[in-house]
Amino acid sequence: MPPKKRTRSKSTKHADADAQHCEGSDDVAQLKTGKRNRSAAVTSDVEKNKNDDAIKSSYSHWLMKSEPESRIENGVDVKFGIEDLKALPSQTGCWDGVRNYQARNFMRDMKVGQQAFFYHSNCKEPGIAGLMKIVKEAYVDHTQFDKKDVHYDPSSKADNPKWSMVDVQFERMTKRFIPLTELKKYHLQHKAKGGPLKDMALFTRARLSVQPLTAEEFDFVLSLENEDPI
């Protein structure tokens, strides 16, 4: 969101504490590994990295959440909907303010040209409002160093910044708004009987503000814009 007349976007803050806690838990688990188990731990890490790389390669699309309705945080309106992105110069803005390690890591995996759904969150009717594309890959999020910014992080240092952002560009509105309630119905159907949305991150990692989508998930959700709501 660009509350200060800057080309900036807003991620949901809900996810932050959870992701930081999860990353901290992983660190603690590694510290508990004794000398005797070090070889096994190294082997486990190698396998984990291989699995992570395989998972990353399966993601080529994204879902990114932002708040379309006014909400004042530390005296600043954090509202930023798809119409706000569309109104920016070149219809392009930086997706800053992400303070969630997992969401940040997903942004660091993004490639120029990949598509993302613009998802309206924390509002009367959450859901997918349109499409955008990644036009600049991850770089340092300047808001972490701005003491006047709602996303200022005093623990982040200029020589070792914690947080990244990407630039996104508006592509188009979806032919119809695809609400969360409808997506949830498909998720439950697919979970019970099989289907592309059975493991969709919107429901399995609901609190994340930046989420990965497989091509199959993305294509199915996009096809819904041509279907009547269920």
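Throughout this tour, a residue is buried if its relative accessible area is under 20%, exposed if over 50%, and partly exposed in between (1.4 Å probe, protein chains only). The model is predicted, so local features need pLDDT of at least 70 and side-chain atom pairs count only at pLDDT 80 or more, while totals for chains, interfaces and linings use all residues. Residues are numbered from 1 along each chain as its sequence is written, and side-chain values use heavy atoms, with hydrogens and water left out.

**The whole chain**

Begin with the chain in cartoon form. It contains seven helices and eight strands; these are DSSP runs numbered from the N terminus, with helices (H or I) of at least four residues and strands (E) of at least two. Of the 230 residues, 43% are buried. A contact here means heavy atoms within 4.5 Å. Among contacts between residues at least 6 apart in sequence, 75% join residues at least 24 apart.

**Strand E5 and its neighbours**

Select strand E5 (115–120). Five of its six residues are buried, so E5 is largely enclosed by the rest of the structure. Which strands pair with E5? E1 pairs with E5 in the parallel sense over six bridges, and E6 pairs with E5 in the antiparallel sense, also over six bridges. Two strands are taken to pair if DSSP finds at least two bridges between them.

To inspect individual positions, display Leu-63, whose bridge partner in E5 is Phe-117. On the E6 side, His-120 has Gly-127 as its bridge partner. E5 and E6 form a hairpin with six residues between them, and Asn-122 in the turn has a positive phi of about 50°.

**The sheet as a whole**

Six strands form an open sheet in the order E4-E7-E6-E5-E1-E8, with mixed pairing. The edge strands, each pairing on one side only, are E4 (92–95) and E8. From one strand to the next, the twist averages 40°; axes are lines fitted to C-alpha atoms, for helices over the stretch in contact, and angles run from 0 to 180 degrees between N-to-C directions.

Select Trp-95 to see one of the paired positions: its bridge partner in E7 is Val-166.

**Helices H5 and H7**

Select helix H5 (180–193). H5 lies across E5, E6 and E7 and runs at about 85° to E7. Helix H7 also packs on the sheet, touching E1, E5, E6, E7 and E8, and its direction makes about 95° with that of E8.

Which residues of H7 are buried? In H7 (residues 215–223), they are Glu-217, Phe-218, Val-221 and Leu-222. These residues cover an arc of only 125° around the axis, which puts them on the same side of H7; the arc is that of the directions from the helix axis to the C-beta atoms. An α-helix has 3.6 residues a turn, so residues three or four places apart point the same way. The elements that cover the buried residues of H7 include strands E1 (59–66), E6 (127–140), E7 (164–179) and E8 (210–214), together with helix H5.

**Aromatic pairs**

Next, show the aromatic side chains. Rings of Phe, Tyr and Trp (its six-membered ring) pair if their centres lie within 6.5 Å; planes under 30 degrees apart count as stacked, over 60 as edge-to-face and the rest as tilted. A search of the whole structure finds seven such pairs.

Centre the view on Tyr-59 and Phe-106, whose ring centres are 6.5 Å apart with planes at 90°, so the pair is edge-to-face. Tyr-59 in strand E1 and Phe-106 in helix H4 (residues 101–109) are 47 residues apart. Tyr-59 is buried at 17% relative accessible area, and Phe-106 is buried at 9%.

Trp-95 lies in E4 and Phe-118 in E5, so the pair ties together parts that are 23 residues apart in sequence. Both Trp-95 and Phe-118 are buried.

**Last stop: Arg-207**

Finally, select Arg-207 in the loop between helix H6 (201–204) and E8. Is Arg-207 buried, exposed or partly exposed? Its relative accessible area is 41%, and Arg-207 therefore counts as partly exposed. A C-alpha distance of 9.9 Å separates Arg-207 from Lys-65, which is 142 residues away along the chain.
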